[in-house]
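Keep the 3D view open as you read.

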Amino acid sequence: MTFDIVTIFPAMIERPLATGILGRAIDRGTLDVKVRDLRDFTTDRHRVVDDVPYGGGPGMVMKAEPILDALDAIRAGAPGARRVLLSPRGAVFTHARAVALAAEQDLVLVCGRYEGVDERVRHFVDEELSIGDYVLSGGEAAALVVAETVTRLQPGALGDAGAPTRDSFFRGLLEHPQYTRPEVFQGWGVPDVLRSGDHALIERWKRLMSVWRTWQRRRELLETADLSPEEQKWVDGFRQGRTPDDYLAQGRATHEPGVGPPIQ
Ligand code: 9D3
């Protein structure tokens with residue numbers, strides 16, 4: 001896959017891309033990223049990329065022409081690339097959109113700055129994406145979010161053999177609690193079930209806690225989550241005031257669904 005990222009701040013993009021999963025994908029040759037300095041596509045002595053807004057108002061607007069010239073130059077190397085404008089007015093980027101973008105061969109990510117981008121740029125991109133309802137100073141952080149999310153979805157991008165399958169198993173639920181050593185930290189223990197060695201029970205506990213967490217923190221996700229009949233039964237129970245304890249009663253090693261109070 002290739003990414004062409006158009007920005008006036010290449011340095012905001014370069015180091016993060018060279019790090020972690022993205023960096024490894026680049027090193028392995030499965031990902032090629034070109035960061036394009038928008039100012040390289042200006043033709044004036046001062047390399048101007050912005051101008052005052054028609055109709056007045058605060059701040060500056062990004063000019064269309066340098067962006068279009070950058071898109072034309074990129075088309076030479078990646079003719080069919082999908083063009084994405086990162087914009088606070090775009091559709092919100094979700095896992096589903098990431099899956100769609102991950103199926104593309106080439107992506108162009110255009111980062112806006114200032115108060116926004118000349119509206120006519122919209123006619124030359126395939127979609128506009130926002131990463132959420134909060135204000136960034138520009139599209140660079142958003143482009144990194146999209147690049148990392150899409151790269152993770154590429155086959156073989158993750159070192160751990162189990163992780164990619166888990167990702168494609170994304171079911172719209174929050175994760176269960178996780179623990180590592182020590183067994184007691186500052187008086188807080190680890191649920192006994194996780195140390196029971198009973199793998200079927202552990203898997204059931206993980207699913208139950210995943211549904212419970214989602215019920216407690218992101219209830220709206222359960223409307224669209226991909227639930228098994230047993231998981232749906234748990235949700236119905238939570239709706240009637242039941243808690244994970246009610247479902248762990250049989251065959252359970254301890255009384256703790258999650259973390260208990262501090263112990264001596
Ligand atoms: C004062 C005018 N702003 C109203 C909130 C408009 C505005 C223009 C440009 C706000 C932010 C930006 C810069 N942001 C982005 O380019 C951006 C963004 C974001 O701010 N939030 C979430 N996703 C994205 S993607 C690009």
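A polar contact here is a pair of N or O atoms within 3.5 Å; within protein, one must be able to donate a hydrogen and the other to accept it, and residues adjacent in sequence count only if both atoms are side-chain atoms. Before using that, note that this is a predicted model, where local features need pLDDT of at least 70, side-chain atom pairs count only at pLDDT 80 or more, and totals for chains, interfaces and linings use all residues. Residues are numbered from 1 along each chain as its sequence is written, and side-chain values use heavy atoms, with hydrogens and water left out.

Now for the contacts. An oxygen atom of the ligand lies 3.4 Å from a polar backbone atom of Gly139. A ligand nitrogen atom is 2.7 Å from a polar backbone atom of Tyr134, and for Ile131 the distance from a ligand nitrogen to a polar backbone atom is 3.0 Å. On its own the ligand would expose 570 Å², and the protein buries 74% of that (Shrake-Rupley areas with a 1.4 Å probe).

Who else is around? The ligand has 17 residues around it (a heavy atom within 4 Å), and Glu115, Ile131, Gly132, Tyr134 and Leu136 come nearest. Sorted by class, this shell holds 9 nonpolar, 7 polar and 1 charged residues. In that sorting Ala, Val, Leu, Ile, Met, Phe, Trp, Tyr, Cys and Pro are nonpolar, Asp, Glu, Lys and Arg are charged, and the others, Gly among them, are polar.

The ligand takes up the space of the second largest pocket. A pocket is an open set of points on a 1 Å grid over the protein atoms alone, where a 1.4 Å probe fits, with protein on both sides within 12 Å along at least five of seven lines; lining residues have an atom within 4 Å of a point. A molecule sits in one if more than half of its atoms lie within 2 Å of its grid points. This pocket is lined by 23 residues, with Leu86, Ser87, Pro88, Glu115 and Gly116 nearest its centre. Strand 5 gives the largest share of that lining, 5 residues (strands are DSSP E runs of at least two residues and helices H or I runs of at least four, numbered from the N terminus).

The peptide bond from Arg181 to Pro182 is cis, with omega near 5 degrees, and Pro182 sits in the loop between helix 6 (163-168) and helix 7 (199-217).
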